[in-house]
Amino acid sequence: MSFDVAFILSTLPAFLKAVGVTLQVGLIAIATSLVVAVINTAILVYRTPYLQRAVGLYVELARNTPLLIQLFFVYFALPSLGLKISGFAAAIITMTFLGGAYLTEVLRAGVEAVPAAQLESGRSIGLSEGQLLRHVILPQAGILSLPALFANFIFLLKETTVVSAVAVPEILYTTKSYIALYYKTYEMLAVLTLICVLLFLPLSLLLSRLERRLQHGQFGS
Amino acid sequence: MSALIEFKGFNKFFGEHQVLKDIDLQVRSGEVVVILGPSGCGKSTLLRCLNGLEVAHGGSLTLAGKELLSKATDWRQVRQQVGMVFQSYHLFGHMSVMENLLLGPLKVQKRERFEAQAQAEALLARVGLLDKRDAYPRQLSGGQQQRIAIVRSLCMNPQVMLFDEVTAALDPEMVKEVLQVIQGLARDGMTLLIVTHEMAFARAVADRIVFMEAGRILEQSAPESFFTNPQTARAQQFLEKFSFVESLPKTPHKELS
């Protein structure tokens, strides 16, 4: 079996671009998912009537259907309803749909993990419910959620490979294209694997360092 | 002199279970009242009703002449006048000592930082913890945390302080440092309601002992007469349990054979 190094080198510029697309889809999706999750968590924490049930339903639906099927629904089914969207837009919408649900669960768990005694303690010095949320609940819930939050960030970044199915030129799509065109299966899979390791592993390490630093800053040791 | 705090025919339920029954209790300004009684008798619940952490179900409760059990009561106002210290301190773990102390004065009372901070520093110095102003709660011992928690309440300039078994989670050395702070407040003439199991402390610091059992007040008397001559059989029985430990025979050195 020959391993065509020269060919690999010739594909690197394209893969560099693909890494950019992967990061772009992933980071935008993480940001929009966070926004969705914060809104949902507020709805759940304040037990907003009706909306609370809607959020519950959404979370279950999003977490119990495969991402690929969600993606097909957004990309192929919505246009038949008259909504034409690009593959990139479909990718962001679908990733947000999924990520929003997962991050909602993470933040909700964080808020619930703040001891009830901390709330009593805050109320006993006269804090209003809003002040309690801002100065006691959110900072503590944020810190408590960090490990799960960061794990889900990585999870969402990895899931971006699924959007290759709607021709978003990210790393997996680029790999598959080269394989289809040149039959360099081993070379391209090797490159893909290497990119994943080089991309996600350092990010993972970076986030766990950040997590420790933030916890140290918040709790003093 | 009229009472600063007055419970009248006060009732409180947890579901079907009545935890406070027809409580009548008056506390004058500057008085130190210690509430004693077996676990589950409603002592802590009584304190928690006074700053709205528990909702009452009947009767009347007034603070400085104002009825608290009305819908119009602004508990945020009341809580600034009624400081509460808990058994497990409950300092905010994500804030330094000084941030803990200033949260109420700055955010709730909207006071000037320099003024609030000067007060906080003076109070910290008084409890001997000025050097811990930038520490985080988890870096402090239980006794230190509890003294900070007391200062956190004092920073709101309350009229009354409630102490809910504040030494129950501490080891004996730390108990002393916390009790000394409370004793200091009593000497200053602050109005205190204290729930405790420290009998000797109760006897030393109280102007009046209130003995509760099963949601009722059974006895109210001056500490000396309560400890030497309790009026009810239940109080006698309660005090015997505590004297039991002290009356244990001192073990002579054991023979090793």
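Four bridges join strand 1 (residues 5-14) and strand 4 (residues 60-63) of chain B in the antiparallel sense. Strands are DSSP runs of E with at least two residues, helices are runs of H or I with at least four, and both are numbered from the N terminus. Two strands pair if DSSP finds at least two bridges between them.

This is a predicted model, in which local features need pLDDT of at least 70, side-chain atom pairs count only at pLDDT 80 or more, and totals for chains, interfaces and linings use all residues. Residues are numbered from 1 along each chain as its sequence is written, chains are lettered from A and ligands numbered from 1 in the order in which they are written, and side-chain values use heavy atoms, with hydrogens and water left out.

**Sheet of chain B**

- The open sheet has four strands in the order 2-1-4-5, with antiparallel pairing.
- Strand 2 (17-27) and strand 5 (66-67) are its edge strands, and each pairs on one side only.
- In general, strands of a sheet pair through backbone hydrogen bonds.

- Helix 1 (residues 43-50) of chain B lies across strands 1, 2 and 4.
- Helix 1 runs at about 115° to strand 1 (axes are lines fitted to C-alpha atoms, for helices over the stretch in contact, and angles run from 0 to 180 degrees between N-to-C directions).
- B:Ala56 sits in the loop between helix 1 and strand 4.
- Leaving aside neighbours within four places in sequence, B:Ala56 is in contact (heavy atoms within 4.5 Å) with B:Phe10, B:Asn11, B:Lys12 and B:Leu69.

**Interface with chain A**

- Contacts link 24 residues of chain B to 21 residues of chain A.
- The two chains bury about 2100 Å² between them, 55% of it on carbon and sulfur atoms; buried area is the accessible area (1.4 Å probe) lost on putting two parts together, summed over both.
- B:Phe92, B:His94 and B:Arg138 supply 28% of the area that chain B buries there, more than any other three residues.
- The count of salt bridges (side-chain nitrogen of Lys or Arg within 4 Å of a carboxyl oxygen of Asp or Glu) between the chains is one.
- B:Arg48 forms a salt bridge with A:Glu120, with the closest N and O atoms 2.5 Å apart.
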